[in-house]
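Work through the exercises below with the model open beside you. Try each task before you read its solution.

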Amino acid sequence: MGFIAAVQGSVEVRGSSSRSFEVVLRDRDLEIGDTVRTGPASAVKILLVDETMLTLGESTEVEIESLLTGSPALREPSILRLLKGAARVVVGEAFGGPTRLEMHTPTAVVGVKGSSYEAHLIRDPLRGPGLRVYSLGGKVWVQPLDGQGAVVVIDLPVHHY
């Protein structure tokens, strides 16, 4: 369903049928149910089959829960789970248009179609868990989960270089 496009530092993957993580190198294939995690001062770029580019920052963990292909990917969302840390998502258009993607977190669901954004899980000792979302272009929606933490959405201007 995708592959590891670039690795910096310590990156590990746990397959859906495995209980332990293994060190991963560039070009490793990923499947539905795989969990990717990065260590301190580490990062990884993942290219999904729909041409979505997922970049995980340091100390981040993401599970690929579902990933639709073909025309269903334009109607129904694929689901990634951000378990901890921060991720940047640039949604792909491999199936004739922008695919739908949801990122589920402990505090909210972030949805996007044809856009890019960053999601950062935050742990505030006074307020509890929260989520900060940076919209980097296009439409991003956030649905907070009942009674859990705070969600902040920040629109940032997109710079083309």
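Predicted model: local features only at pLDDT ≥ 70, side-chain atom pairs only at ≥ 80, totals over all residues.

**Exercise 1. A loop residue and its backbone**

In which loop is the place of Asp-27?

Solution. Residues are numbered from 1 along each chain as its sequence is written, and side-chain values use heavy atoms, with hydrogens and water left out.

Step 1. Asp-27 sits in the loop between β3 (22–23) and β4 (29–30). Strands (E, at least two residues) and helices (H or I, at least four) are DSSP runs, numbered from the N terminus.

Step 2. The phi of Asp-27 is near 80°, a positive value in a residue other than glycine.

Step 3. Asp-27 has a relative accessible area of 47%, so it is partly exposed. The classes are buried under 20% relative accessible area, exposed over 50%, and partly exposed in between (1.4 Å probe, protein chains only).

Step 4. Now compare Ser-59, in the loop between β7 and β8. Ser-59 also has a positive phi, about 50°, and is not a glycine. Its relative accessible area is 32%, so Ser-59 is partly exposed.

**Exercise 2. The chain as a whole**

Describe the chain by its secondary structure, burial and core.

Solution. Step 1. The secondary structure comes to one helix and 16 strands.

Step 1. Of the 161 residues in the chain, 39% are buried.

Step 2. The largest nonpolar core has 30 residues. Such a core is a set of buried Ala, Val, Leu, Ile, Met, Phe, Trp, Tyr and Cys residues joined through side-chain atoms within 4.5 Å. The residues with the most contacts inside it are Val-36, Ile-46, Leu-54, Leu-56, Met-103 and Tyr-117.

Step 3. Take Leu-56. Leaving out residues up to four places away in sequence, its contacts (heavy atoms within 4.5 Å) include Val-36, Ile-46, Val-62, Ala-86 and Ala-87.

**Exercise 3. Salt bridges**

How many salt bridges does the count come to? Work through three of them.

Solution. Step 1. The count is six.

Step 1. Glu-65 and Arg-81 meet at 2.4 Å, N to O. The pair links distant parts of the chain: Glu-65 in strand β8 and Arg-81 in strand β9 (residues 78–84), 16 residues apart. Glu-65 is partly exposed at 29%, and Arg-81 is partly exposed at 28%.

Step 2. Arg-88 bridges to Glu-118, with the closest N and O atoms 2.3 Å apart. This pair also links distant parts of the chain: Arg-88 in strand β10 (residues 86–90) and Glu-118 in strand β13 (residues 116–124), 30 residues apart. Arg-88 is partly exposed at 37%, whereas Glu-118 is buried at 17%.

Step 3. Salt bridges that share partners join Glu-22, Arg-28 and Asp-34 into one network. Within it, Asp-34 and Arg-28 have their closest N and O atoms 3.6 Å apart. Asp-34 counts as buried at 5% relative accessibility; Arg-28 counts as partly exposed at 24%.

**Exercise 4. Strand pairing**

Trace the partners of β13.

Solution. Step 1. β10 and β13 pair in the antiparallel sense over five bridges. Two strands pair if DSSP finds at least two bridges between them. The bridge partner of Ala-87 in β13 is Ala-119.

Step 1. β13 also runs antiparallel to strand β14 (residues 128–135), joined by eight bridges. Here Arg-123 stands opposite Pro-129 in β14.

How values were computed:
Salt bridge = Lys/Arg side-chain N within 4 Å of Asp/Glu carboxyl O.
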